[in-house]
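This report covers selected features of one protein model, with attention to charged pairs, a sheet and its helices, and backbone angles.

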Amino acid sequence: MRLAKIAAAAAIALISSAAFAQTVKIGFISTYSGLNANLGEYMERGMRLYMKQHEKELPPGVKIEILVRDDTGPNPDKAKQLAQELIVRDKVNLLTGVIWTPNAMSMAPLATEAKVPFIIMNAGTAVITTRSPYIARLSFTLWQSSYPLGTWAARKYNTAYTLVSDFGPGHDAEQAFSQAFAAGGGKVLASVRVPLQNPDWAAYMQRVKDAKPDALMVFIPAGKTATAVMKNFGDLGLGQTGIKLIGPGDITTDEELSNMGDVALGVTTMFHYSAAGDRPANQAFVAAWKKEYGANATPNFVSVGGWDGMAAIFHVIKAQKGKIDPDKTMELLKSFKNPNSPRGPISIDPETRDIVQNEYLREVRRVGGQLVNVELETFAAAVKDPWKELQKKK
Ligand code: PHB
(Lines give C-alpha, C1' and ligand atoms only; values in the text may rest on other atoms or scores of the structure.)
Protein backbone atom coordinates (compact mmCIF):
# COMPACT_ATOMS: atom_id res chain seq x y z
CA MET A 1 0.00 0.00 0.00
CA ARG A 2 2.73 2.40 1.12
CA LEU A 3 4.88 1.44 -1.87
CA ALA A 4 1.98 1.89 -4.25
CA LYS A 5 1.40 5.38 -2.85
CA ILE A 6 5.04 6.31 -3.30
CA ALA A 7 5.04 4.94 -6.85
CA ALA A 8 1.87 6.89 -7.66
CA ALA A 9 3.32 10.09 -6.22
CA ALA A 10 6.51 9.57 -8.20
CA ALA A 11 4.52 9.00 -11.39
CA ILE A 12 2.53 12.20 -10.83
CA ALA A 13 5.73 14.15 -10.18
CA LEU A 14 7.22 12.78 -13.36
CA ILE A 15 4.15 13.61 -15.45
CA SER A 16 3.82 17.12 -14.05
CA SER A 17 7.49 17.96 -14.48
CA ALA A 18 7.27 16.71 -18.08
CA ALA A 19 4.20 18.84 -18.58
CA PHE A 20 5.94 21.92 -17.24
CA ALA A 21 9.34 21.28 -18.79
CA GLN A 22 9.74 23.69 -21.62
CA THR A 23 12.92 23.76 -23.66
CA VAL A 24 13.56 26.80 -25.81
CA LYS A 25 15.76 25.82 -28.73
CA ILE A 26 18.03 28.55 -30.04
CA GLY A 27 19.99 28.26 -33.27
CA PHE A 28 23.22 30.23 -32.84
CA ILE A 29 25.15 30.84 -36.05
CA SER A 30 28.55 32.47 -35.72
CA THR A 31 32.11 32.36 -37.05
CA TYR A 32 34.74 29.95 -35.75
CA SER A 33 36.84 29.48 -38.89
CA GLY A 34 37.90 31.46 -41.95
CA LEU A 35 38.14 35.28 -41.94
CA ASN A 36 38.39 36.59 -38.37
CA ALA A 37 37.64 33.17 -36.92
CA ASN A 38 38.01 34.36 -33.33
CA LEU A 39 34.95 36.64 -33.42
CA GLY A 40 32.52 33.73 -32.90
CA GLU A 41 34.00 32.93 -29.55
CA TYR A 42 33.76 36.56 -28.36
CA MET A 43 30.07 36.50 -29.20
CA GLU A 44 29.37 33.08 -27.70
CA ARG A 45 31.21 33.94 -24.50
CA GLY A 46 29.14 37.12 -24.07
CA MET A 47 25.94 35.17 -24.62
CA ARG A 48 26.92 32.37 -22.22
CA LEU A 49 28.08 34.77 -19.51
CA TYR A 50 24.65 36.44 -19.54
CA MET A 51 22.96 33.02 -19.34
CA LYS A 52 25.12 31.93 -16.44
CA GLN A 53 24.41 35.09 -14.45
CA HIS A 54 20.66 35.11 -15.14
CA GLU A 55 19.69 31.42 -15.37
CA LYS A 56 17.87 31.63 -12.01
CA GLU A 57 15.43 34.15 -13.48
CA LEU A 58 14.00 31.62 -15.94
CA PRO A 59 10.48 30.45 -15.10
CA PRO A 60 10.37 27.05 -13.32
CA GLY A 61 10.92 24.15 -15.71
CA VAL A 62 12.13 26.34 -18.58
CA LYS A 63 15.43 25.33 -20.12
CA ILE A 64 17.48 26.85 -22.90
CA GLU A 65 19.22 24.66 -25.46
CA ILE A 66 21.75 26.35 -27.75
CA LEU A 67 22.64 24.75 -31.06
CA VAL A 68 25.98 26.25 -32.15
CA ARG A 69 26.87 26.34 -35.85
CA ASP A 70 29.97 27.67 -37.68
CA ASP A 71 29.22 29.68 -40.82
CA THR A 72 32.98 29.79 -41.67
CA GLY A 73 33.07 33.57 -42.27
CA PRO A 74 31.27 35.84 -44.73
CA ASN A 75 29.55 32.95 -46.51
CA PRO A 76 25.86 33.59 -47.26
CA ASP A 77 25.20 30.16 -48.82
CA LYS A 78 26.59 28.33 -45.82
CA ALA A 79 24.66 30.52 -43.36
CA LYS A 80 21.44 29.97 -45.29
CA GLN A 81 21.95 26.19 -45.34
CA LEU A 82 22.66 26.12 -41.59
CA ALA A 83 19.61 28.25 -40.83
CA GLN A 84 17.43 26.01 -43.00
CA GLU A 85 18.60 22.89 -41.14
CA LEU A 86 18.12 24.54 -37.77
CA ILE A 87 14.56 25.52 -38.70
CA VAL A 88 13.40 22.39 -40.51
CA ARG A 89 15.29 19.57 -38.81
CA ASP A 90 16.07 20.93 -35.36
CA LYS A 91 12.88 22.99 -35.07
CA VAL A 92 14.52 25.91 -33.29
CA ASN A 93 12.27 28.56 -31.73
CA LEU A 94 14.73 31.39 -32.33
CA LEU A 95 17.71 32.19 -34.53
CA THR A 96 20.55 34.37 -33.29
CA GLY A 97 24.25 35.28 -33.58
CA VAL A 98 25.64 36.23 -37.02
CA ILE A 99 28.79 38.30 -37.41
CA TRP A 100 28.49 39.02 -41.13
CA THR A 101 26.03 41.13 -43.13
CA PRO A 102 25.89 38.86 -46.21
CA ASN A 103 24.97 35.95 -43.94
CA ALA A 104 22.20 37.87 -42.19
CA MET A 105 20.83 38.95 -45.57
CA SER A 106 20.61 35.37 -46.83
CA MET A 107 18.90 34.21 -43.63
CA ALA A 108 16.28 36.97 -43.55
CA PRO A 109 13.81 35.37 -46.02
CA LEU A 110 13.94 32.10 -44.07
CA ALA A 111 13.02 33.90 -40.84
CA THR A 112 10.02 35.40 -42.62
CA GLU A 113 8.89 32.18 -44.29
CA ALA A 114 9.19 30.04 -41.17
CA LYS A 115 8.18 32.83 -38.75
CA VAL A 116 11.27 32.30 -36.62
CA PRO A 117 12.35 35.43 -34.73
CA PHE A 118 15.96 36.29 -35.58
CA ILE A 119 17.93 38.31 -33.03
CA ILE A 120 21.05 39.78 -34.63
CA MET A 121 24.06 40.09 -32.33
CA ASN A 122 26.49 41.73 -34.78
CA ALA A 123 25.85 42.20 -38.53
CA GLY A 124 25.62 45.99 -38.94
CA THR A 125 24.50 47.05 -42.42
CA ALA A 126 21.52 49.37 -42.00
CA VAL A 127 19.22 47.68 -44.52
CA ILE A 128 19.23 44.23 -42.86
CA THR A 129 16.31 44.85 -40.48
CA THR A 130 14.08 45.91 -43.40
CA ARG A 131 14.48 42.44 -44.96
CA SER A 132 12.24 40.61 -42.48
CA PRO A 133 9.62 41.62 -39.90
CA TYR A 134 11.04 38.78 -37.78
CA ILE A 135 14.43 40.46 -37.31
CA ALA A 136 15.43 42.55 -34.29
CA ARG A 137 18.97 43.88 -33.98
CA LEU A 138 20.82 44.14 -30.66
CA SER A 139 24.20 45.20 -32.08
CA PHE A 140 24.65 48.46 -34.02
CA THR A 141 24.58 49.93 -37.50
CA LEU A 142 27.62 51.42 -39.22
CA TRP A 143 25.57 54.55 -39.85
CA GLN A 144 25.17 54.91 -36.07
CA SER A 145 28.93 55.32 -35.60
CA SER A 146 30.14 56.72 -38.93
CA TYR A 147 27.58 59.51 -39.31
CA PRO A 148 28.44 61.20 -35.97
CA LEU A 149 32.12 60.50 -36.75
CA GLY A 150 31.73 62.57 -39.93
CA THR A 151 30.06 65.38 -37.99
CA TRP A 152 32.89 65.41 -35.44
CA ALA A 153 35.63 65.14 -38.09
CA ALA A 154 34.28 68.11 -40.07
CA ARG A 155 34.89 70.31 -37.02
CA LYS A 156 38.55 69.24 -36.86
CA TYR A 157 39.71 68.45 -40.39
CA ASN A 158 39.34 70.03 -43.83
CA THR A 159 40.03 66.95 -45.94
CA ALA A 160 39.53 63.22 -45.55
CA TYR A 161 40.17 60.00 -47.48
CA THR A 162 37.94 56.97 -46.99
CA LEU A 163 39.14 53.37 -47.22
CA VAL A 164 36.60 50.63 -46.60
CA SER A 165 36.12 46.90 -47.11
CA ASP A 166 34.04 46.37 -50.22
CA PHE A 167 30.81 44.94 -48.75
CA GLY A 168 27.67 46.17 -47.01
CA PRO A 169 29.02 47.63 -43.76
CA GLY A 170 31.97 49.22 -45.62
CA HIS A 171 29.63 50.90 -48.08
CA ASP A 172 27.49 52.16 -45.19
CA ALA A 173 30.50 53.51 -43.27
CA GLU A 174 31.77 55.30 -46.38
CA GLN A 175 28.39 56.81 -47.23
CA ALA A 176 27.49 57.83 -43.67
CA PHE A 177 30.86 59.41 -42.97
CA SER A 178 31.07 61.20 -46.32
CA GLN A 179 27.56 62.60 -46.06
CA ALA A 180 28.08 64.02 -42.56
CA PHE A 181 31.62 65.23 -43.32
CA ALA A 182 30.44 67.09 -46.42
CA ALA A 183 27.44 68.53 -44.56
CA GLY A 184 29.91 69.96 -42.02
CA GLY A 185 31.99 71.58 -44.76
CA GLY A 186 34.69 68.90 -45.17
CA LYS A 187 36.01 67.63 -48.49
CA VAL A 188 36.44 63.90 -49.21
CA LEU A 189 39.51 63.60 -51.47
CA ALA A 190 38.93 59.97 -52.48
CA SER A 191 36.76 56.99 -51.54
CA VAL A 192 38.47 53.65 -52.05
CA ARG A 193 36.90 50.21 -51.54
CA VAL A 194 39.24 47.28 -50.95
CA PRO A 195 38.65 43.50 -51.18
CA LEU A 196 37.30 41.98 -47.97
CA GLN A 197 39.93 39.23 -47.91
CA ASN A 198 43.71 39.96 -47.91
CA PRO A 199 43.95 43.31 -49.69
CA ASP A 200 47.43 44.66 -50.44
CA TRP A 201 47.42 47.13 -47.56
CA ALA A 202 50.86 48.56 -48.28
CA ALA A 203 49.77 49.62 -51.79
CA TYR A 204 46.56 51.22 -50.52
CA MET A 205 48.36 53.04 -47.72
CA GLN A 206 50.92 54.42 -50.17
CA ARG A 207 48.11 55.95 -52.22
CA VAL A 208 46.66 57.55 -49.09
CA LYS A 209 50.09 58.93 -48.18
CA ASP A 210 50.45 60.50 -51.63
CA ALA A 211 46.99 62.12 -51.40
CA LYS A 212 47.92 63.86 -48.08
CA PRO A 213 44.49 64.06 -46.46
CA ASP A 214 44.12 65.53 -42.96
CA ALA A 215 42.34 62.34 -41.87
CA LEU A 216 42.02 58.76 -43.09
CA MET A 217 38.67 57.14 -42.27
CA VAL A 218 38.85 53.33 -42.34
CA PHE A 219 36.24 50.62 -41.92
CA ILE A 220 37.32 46.98 -41.98
CA PRO A 221 35.84 44.06 -40.03
CA ALA A 222 37.10 43.91 -36.45
CA GLY A 223 39.65 41.29 -35.43
CA LYS A 224 42.94 40.54 -37.16
CA THR A 225 42.13 42.74 -40.18
CA ALA A 226 42.15 45.78 -37.88
CA THR A 227 45.66 44.90 -36.72
CA ALA A 228 46.86 44.53 -40.33
CA VAL A 229 45.55 48.02 -41.16
CA MET A 230 47.21 49.51 -38.11
CA LYS A 231 50.54 47.82 -38.89
CA ASN A 232 50.62 49.10 -42.47
CA PHE A 233 49.56 52.60 -41.42
CA GLY A 234 52.57 52.58 -39.07
CA ASP A 235 55.07 50.86 -41.40
CA LEU A 236 54.47 53.36 -44.21
CA GLY A 237 54.85 56.27 -41.81
CA LEU A 238 51.45 57.85 -42.42
CA GLY A 239 51.26 59.05 -38.83
CA GLN A 240 54.60 60.87 -39.17
CA THR A 241 53.31 62.81 -42.16
CA GLY A 242 50.48 64.13 -39.96
CA ILE A 243 47.62 62.01 -41.32
CA LYS A 244 45.17 61.13 -38.53
CA LEU A 245 43.61 57.67 -38.53
CA ILE A 246 39.90 57.69 -37.58
CA GLY A 247 36.97 55.33 -37.97
CA PRO A 248 34.15 53.43 -36.31
CA GLY A 249 35.47 51.39 -33.36
CA ASP A 250 35.97 48.26 -35.46
CA ILE A 251 39.48 49.57 -36.28
CA THR A 252 40.52 49.67 -32.60
CA THR A 253 38.61 46.60 -31.42
CA ASP A 254 39.44 46.21 -27.71
CA GLU A 255 40.85 42.68 -27.79
CA GLU A 256 43.42 43.53 -30.52
CA LEU A 257 44.88 46.74 -29.01
CA SER A 258 47.72 44.89 -27.30
CA ASN A 259 48.68 43.32 -30.66
CA MET A 260 48.61 46.71 -32.42
CA GLY A 261 51.21 48.44 -30.28
CA ASP A 262 52.01 52.14 -30.05
CA VAL A 263 50.90 52.97 -33.60
CA ALA A 264 47.34 52.80 -32.23
CA LEU A 265 47.99 55.58 -29.70
CA GLY A 266 45.88 58.65 -30.46
CA VAL A 267 43.61 56.91 -32.98
CA THR A 268 40.16 58.46 -32.57
CA THR A 269 36.98 56.48 -33.11
CA MET A 270 33.22 56.76 -32.63
CA PHE A 271 31.50 53.69 -31.20
CA HIS A 272 28.90 52.28 -28.84
CA TYR A 273 31.19 50.12 -26.71
CA SER A 274 34.62 50.23 -25.10
CA ALA A 275 35.86 47.69 -22.55
CA ALA A 276 37.37 50.73 -20.77
CA GLY A 277 33.98 52.44 -20.33
CA ASP A 278 33.68 53.44 -16.67
CA ARG A 279 29.94 52.84 -16.25
CA PRO A 280 29.40 50.58 -13.19
CA ALA A 281 27.49 48.07 -15.36
CA ASN A 282 30.50 47.83 -17.66
CA GLN A 283 32.98 47.51 -14.83
CA ALA A 284 30.92 44.64 -13.44
CA PHE A 285 30.71 43.06 -16.90
CA VAL A 286 34.47 43.27 -17.51
CA ALA A 287 35.22 41.91 -14.01
CA ALA A 288 32.86 38.96 -14.58
CA TRP A 289 34.50 38.37 -17.98
CA LYS A 290 37.96 38.19 -16.46
CA LYS A 291 36.76 35.91 -13.66
CA GLU A 292 35.18 33.55 -16.17
CA TYR A 293 37.71 33.63 -19.00
CA GLY A 294 41.03 34.70 -17.42
CA ALA A 295 42.71 37.84 -16.08
CA ASN A 296 44.12 38.76 -19.49
CA ALA A 297 40.85 38.27 -21.38
CA THR A 298 39.09 41.40 -22.68
CA PRO A 299 35.54 41.54 -24.03
CA ASN A 300 34.85 43.52 -27.20
CA PHE A 301 31.75 44.96 -28.91
CA VAL A 302 30.92 41.54 -30.36
CA SER A 303 30.82 40.16 -26.80
CA VAL A 304 28.42 42.88 -25.74
CA GLY A 305 26.28 42.07 -28.78
CA GLY A 306 26.10 38.49 -27.48
CA TRP A 307 25.33 39.67 -23.94
CA ASP A 308 22.58 42.13 -24.91
CA GLY A 309 21.17 39.73 -27.50
CA MET A 310 20.78 37.12 -24.78
CA ALA A 311 19.23 39.72 -22.46
CA ALA A 312 16.57 40.34 -25.13
CA ILE A 313 16.05 36.59 -25.52
CA PHE A 314 15.61 36.19 -21.75
CA HIS A 315 13.04 39.00 -21.87
CA VAL A 316 10.88 37.15 -24.42
CA ILE A 317 11.31 33.75 -22.74
CA LYS A 318 10.36 35.07 -19.30
CA ALA A 319 7.35 37.00 -20.57
CA GLN A 320 6.00 33.92 -22.39
CA LYS A 321 7.03 31.39 -19.72
CA GLY A 322 9.11 29.54 -22.28
CA LYS A 323 6.35 29.09 -24.88
CA ILE A 324 7.67 31.07 -27.84
CA ASP A 325 5.00 32.53 -30.10
CA PRO A 326 6.72 34.27 -33.04
CA ASP A 327 4.43 37.29 -33.31
CA LYS A 328 4.20 37.82 -29.55
CA THR A 329 7.99 37.54 -29.44
CA MET A 330 8.39 40.33 -31.99
CA GLU A 331 5.97 42.55 -30.03
CA LEU A 332 8.00 41.90 -26.87
CA LEU A 333 11.28 42.67 -28.65
CA LYS A 334 9.88 45.99 -29.88
CA SER A 335 9.46 47.14 -26.28
CA PHE A 336 12.77 45.74 -24.99
CA LYS A 337 14.98 48.17 -23.14
CA ASN A 338 17.86 48.00 -20.70
CA PRO A 339 18.97 51.21 -18.99
CA ASN A 340 22.01 49.32 -17.67
CA SER A 341 23.73 47.50 -20.50
CA PRO A 342 27.54 47.47 -20.27
CA ARG A 343 27.42 49.91 -23.23
CA GLY A 344 24.96 52.27 -21.48
CA PRO A 345 21.20 52.61 -21.97
CA ILE A 346 19.77 50.65 -24.91
CA SER A 347 16.31 50.08 -26.35
CA ILE A 348 14.72 48.70 -29.49
CA ASP A 349 13.01 51.21 -31.78
CA PRO A 350 9.53 49.68 -32.19
CA GLU A 351 9.20 51.15 -35.67
CA THR A 352 12.37 49.64 -37.13
CA ARG A 353 13.29 46.84 -34.66
CA ASP A 354 16.79 48.32 -34.62
CA ILE A 355 18.80 49.24 -31.52
CA VAL A 356 18.88 52.77 -30.05
CA GLN A 357 22.08 53.57 -28.15
CA ASN A 358 24.76 56.14 -27.29
CA GLU A 359 27.77 56.86 -29.46
CA TYR A 360 30.97 57.67 -27.61
CA LEU A 361 33.96 59.61 -28.92
CA ARG A 362 37.04 57.63 -27.92
CA GLU A 363 40.81 57.83 -28.18
CA VAL A 364 43.39 55.08 -27.77
CA ARG A 365 45.54 55.87 -24.76
CA ARG A 366 47.86 53.98 -22.48
CA VAL A 367 46.25 53.48 -19.09
CA GLY A 368 48.06 51.44 -16.43
CA GLY A 369 50.43 50.05 -19.05
CA GLN A 370 47.62 48.86 -21.37
CA LEU A 371 46.30 50.40 -24.58
CA VAL A 372 42.58 51.09 -24.19
CA ASN A 373 39.78 53.01 -25.93
CA VAL A 374 39.22 55.87 -23.46
CA GLU A 375 35.71 57.29 -23.78
CA LEU A 376 36.15 61.07 -23.96
CA GLU A 377 32.49 62.03 -24.24
CA THR A 378 29.02 60.79 -25.08
CA PHE A 379 29.01 62.43 -28.49
CA ALA A 380 25.38 61.56 -29.27
CA ALA A 381 22.79 60.03 -26.93
CA ALA A 382 20.01 57.56 -27.80
CA VAL A 383 20.96 57.42 -31.48
CA LYS A 384 18.53 55.72 -33.87
CA ASP A 385 19.95 54.33 -37.11
CA PRO A 386 20.56 57.58 -39.07
CA TRP A 387 20.08 55.84 -42.43
CA LYS A 388 16.48 54.98 -41.56
CA GLU A 389 15.89 58.40 -40.00
CA LEU A 390 17.11 60.14 -43.19
CA GLN A 391 15.03 57.81 -45.41
CA LYS A 392 11.92 58.91 -43.50
CA LYS A 393 12.63 62.55 -44.33
CA LYS A 394 12.89 61.86 -48.07
C1 PHB B 1 29.18 43.00 -40.84
O2 PHB B 1 29.38 42.12 -41.69
O3 PHB B 1 28.09 43.56 -40.75
C4 PHB B 1 30.30 43.40 -39.92
C5 PHB B 1 31.41 42.58 -39.76
C6 PHB B 1 32.45 42.97 -38.93
C7 PHB B 1 32.37 44.19 -38.26
C8 PHB B 1 31.26 45.00 -38.40
C9 PHB B 1 30.23 44.61 -39.25
O10 PHB B 1 33.39 44.60 -37.47
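E331 counts as partly exposed, because its relative accessibility is 48%. The model is a predicted one. K334 also falls in the partly exposed class, at 24% relative accessibility. The side chains of E331 and K334 form a salt bridge, with 3.3 Å from N to O. Both residues belong to helix α12 (residues 326-334) and are three residues apart, about one turn of the helix.

| Pair | N to O distance |
|---|---|
| E331 and K334 | 3.3 Å |

The members of the two long-range pairs are partly exposed as well. The relative accessibility is 34% for K318, 36% for E57, 49% for D262 and 43% for R366.

D254 is a charged residue in another setting. D254 is buried and has no salt bridge. The nearest side chain of opposite charge belongs to R362, 5.3 Å away, whereas a salt bridge requires the nitrogen and oxygen to be within 4 Å. D254 is located in the loop between β9 (244-248) and α9 (257-260). A polar atom of the D254 side chain lies 3.0 Å from the backbone nitrogen of A275. Leaving aside residues up to four places away in sequence, D254 touches Y273, S274, A275, T298, P299, N300 and N373.

Next comes the sheet. Five strands make up an open sheet in the order β2-β1-β3-β4-β5, and their pairing is parallel. β2 (62-70) and β5 (135-137) are the edge strands; each has a single partner strand, so one side of each has no neighbour in the sheet. On average, neighbouring strands are turned by 25° against each other, direction ignored.

Within the sheet, four bridges connect β1 (residues 22-30) with β3 (residues 94-97), and these two strands run parallel. G27 is placed opposite L95 of β3. Helix α4 lies across β1, β3, β4 and β5, at about 155° to β4. Helix α11 (residues 301-319) also packs on the sheet, where it touches β1, β2, β3 and β4, and its direction makes about 140° with that of β2.

Two residues remain, both noted for their backbone angles. Most residues other than glycine have a negative phi. K115 is not a glycine, yet its phi is positive, about 55°. K115 lies in the loop between α4 (101-114) and β4 (118-120) and is partly exposed, at 42% relative accessibility. N198, likewise not a glycine, has a positive phi of about 45°. N198 is in the loop between β7 (187-194) and α7 (201-211). With 74% relative accessibility, N198 counts as exposed.

Terms used
Residues numbered from 1 in each chain as written. Predicted model: local features only at pLDDT ≥ 70, side-chain atom pairs only at ≥ 80, totals over all residues. Heavy atoms only, no water. Buried < 20%, exposed > 50% of the residue type's maximum accessible area, 1.4 Å probe, protein only. Lys, Arg positive; Asp, Glu negative; His and termini not counted. Polar contact = N/O pair within 3.5 Å; in protein donor to acceptor, adjacent residues only side chain to side chain. Contact = heavy atoms within 4.5 Å. Pairing = 2+ DSSP bridges. Axes fitted to C-alpha atoms, helices over the stretch in contact; angles between N-to-C directions.
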